[in-house]
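Dear colleague,

My notes on what was found in it follow directly after.

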2 protein chains.
Amino acid sequence: MNMKKGIPVVISGPSGCGKGTIVKELLKKYPETFALSVSATTRSPRVGEEHGREYYFITKEEFERRIAANEILEYTTYVGNYYGTPKKELYERTEQGINVILEIEIEGGMNIRKLCPEAVLVFILPPSAKILEARLRGRGTNTDEDIKNRMTRAKEEILYAEKYDYVVINEEGGVEKAAEEIAEIVRAEQKKAARNKGIADRFFEE
Amino acid sequence: MNMKKGIPVVISGPSGCGKGTIVKELLKKYPETFALSVSATTRSPRVGEEHGREYYFITKEEFERRIAANEILEYTTYVGNYYGTPKKELYERTEQGINVILEIEIEGGMNIRKLCPEAVLVFILPPSAKILEARLRGRGTNTDEDIKNRMTRAKEEILYAEKYDYVVINEEGGVEKAAEEIAEIVRAEQKKAARNKGIADRFFEE
């Protein structure tokens, strides 16, 4: 009764919200139950790269067949090659009990909501616009123009927070807290009655 | 941005599932964020009882007015007095950030689902029918006939597990684990985007 299926977990948020650091912390703390999504690509493997670890290496024909068959959750092209998230490989990992993290843009997140209703969508929010701007300035590498553009974009993106399932606030110095909050959300989701169909029948069988 | 409203938390489960012990553990571990629902009653206060602590003591006329006005979530009568859960007092506590536990029967749970859509419904399940039966026998006070009846009732009740929001399994010796799982569920629920309407606006105001 306790073998839980893993859950696809979409993580999005504006530039500077700290989502990359939070995801790293989550993977470090829970290496056995969380993993990053492995993309499929049509580019050739480089030395040291392994099929199924860095990428799933497939042919262009196979990639296009999968797009047509609606087997790719979301994809993009870069320097003449396809990159995308294959459903089958994603589901093989969730079947093994692994929660698969997709750190993607909001547009991709909204696509996954439609294509993969069992996914959980988490939006990472800095504590306030002021703090987000201070963080972007603190990076030192951004010009005033850059910061203005990123803040405008953040403003547009944050409107989508309410279309996600959960909102996690990345407080100052709160990376570990935010990572643990995502882990908690996923553990709670695994107890949803809707994810445990047939539990009453199994109760009497065991 | 962090002051969270409390959530009404319905806890149900068959006789012998251990819900009473789990609720006690939860209240002990989180005395500031979890509290038991305080019922309203038309009976007179006894020595030492305080309005708003043991019960809300109200008149029969007031109780009946509240029933008619749909201000009582669920109620029953006992020895000529009304006992019920008043909405207003419940919401005063959730406004203060307190998660209010309602340890009630499935019928009451299903009523609260309709009357109070923000409530979270948690169903407590023993690990298996065999273990439930062993627990009932272990109490020593139940006759074979008793146990047979309770198992039949449990069978009917457990079918409702899938109508609840979450299912928590009370493993052998797992009272603390089950209590913490309920606390996690409530913390995750507080991060639901649907419970944080207007978060994007507040983000830019602060």
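Cys17(B) is buried, at a relative accessible area of 1%, where buried means under 20% relative accessible area, exposed means over 50% and partly exposed lies in between, with a 1.4 Å probe and protein chains only. Cys116(B) is likewise buried, and its relative accessible area is 1%. A disulfide is a covalent bond between the sulfur atoms of two cysteines. A search of the whole structure, over all chains, finds zero disulfides, a disulfide being taken as a pair of cysteine sulfur atoms within 2.5 Å.

Before going further, please keep in mind that this is a predicted model, in which local features need pLDDT of at least 70 and side-chain atom pairs count only at pLDDT 80 or more, while totals for chains, interfaces and linings use all residues. Residues are numbered from 1 along each chain as its sequence is written, chains are lettered from A and ligands numbered from 1 in the order in which they are written, and side-chain values use heavy atoms, with hydrogens and water left out.

Turning to chain A as a whole, the chain has eight helices and nine strands, these being DSSP runs (H or I of at least four residues for helices, E of at least two for strands) numbered from the N terminus. The C-alpha trace of chain A spans about 60 × 45 × 30 Å along its principal axes. The radius of gyration of chain A is 19 Å, which agrees with the value near 17 Å that a compact globule of 206 residues would have; the radius is taken over C-alpha atoms, and the globule rule is 2.2 Å times the number of residues to the power 0.38. Of the 206 residues in chain A, 50% are buried, and the chain exposes about 10,500 Å², of which carbon and sulfur atoms supply 50% (Shrake-Rupley method with a 1.4 Å probe; for residues, only the protein chains shown count as cover).

If one takes the contacts in chain A between residues at least 6 apart in sequence, 67% of them join residues at least 24 apart, contact meaning heavy atoms within 4.5 Å. As for charge, chain A carries 33 positive and 35 negative side chains, and the centres of the two sets lie 2 Å apart. Here Lys and Arg count as positive and Asp and Glu as negative, with His and the chain ends not counted, and each charge is placed at NZ of Lys, CZ of Arg, CG of Asp or CD of Glu.

Two residues deserve a look for their backbone angles. Val79(A), although not a glycine, has a positive phi of about 45°; this valine sits in the loop between strand E5 (72-78) and strand E6 (81-86) of chain A and is exposed, with a relative accessible area of 68%. Asn70(B), also not a glycine, has a positive phi of about 60°, lies in the loop between helix H2 (60-68) and strand E5 (72-78) of chain B, and counts as partly exposed at 39% relative accessibility.

Some individual surroundings follow, each leaving aside neighbours within four places in sequence. In chain A, Glu25(A) belongs to helix H1 (residues 19-29) and is buried at 14% relative accessible area, in contact with Val175(A), Glu176(A) and Ala179(A). Ile72(A), in strand E5, is buried at 6%, and the residues that Ile72(A) touches include Phe63(A), Ile67(A) and Thr85(A). Arg113(A), in helix H4 (residues 106-115), is partly exposed at 31%, and its contacts are Leu121(A), Lys163(A), Tyr164(A) and Asp165(A).

In chain B, Pro14(B) is located in the loop between strand E1 (8-12) and helix H1 (19-29) and is buried, with a relative accessible area of 1%; among the residues in contact with Pro14(B) are Phe123(B), Pro126(B) and Ile158(B). Pro14(B) and Arg202(B), 188 residues apart in sequence, are 43 Å apart in space from C-alpha to C-alpha. Leu27(B), which lies in helix H1 of chain B, is in contact with Phe34(B), Ala35(B), Leu36(B) and Ile101(B), and the C-alpha atoms of Leu27(B) and Ile101(B) are 9.2 Å apart although 74 residues separate the two in sequence.

With kind regards
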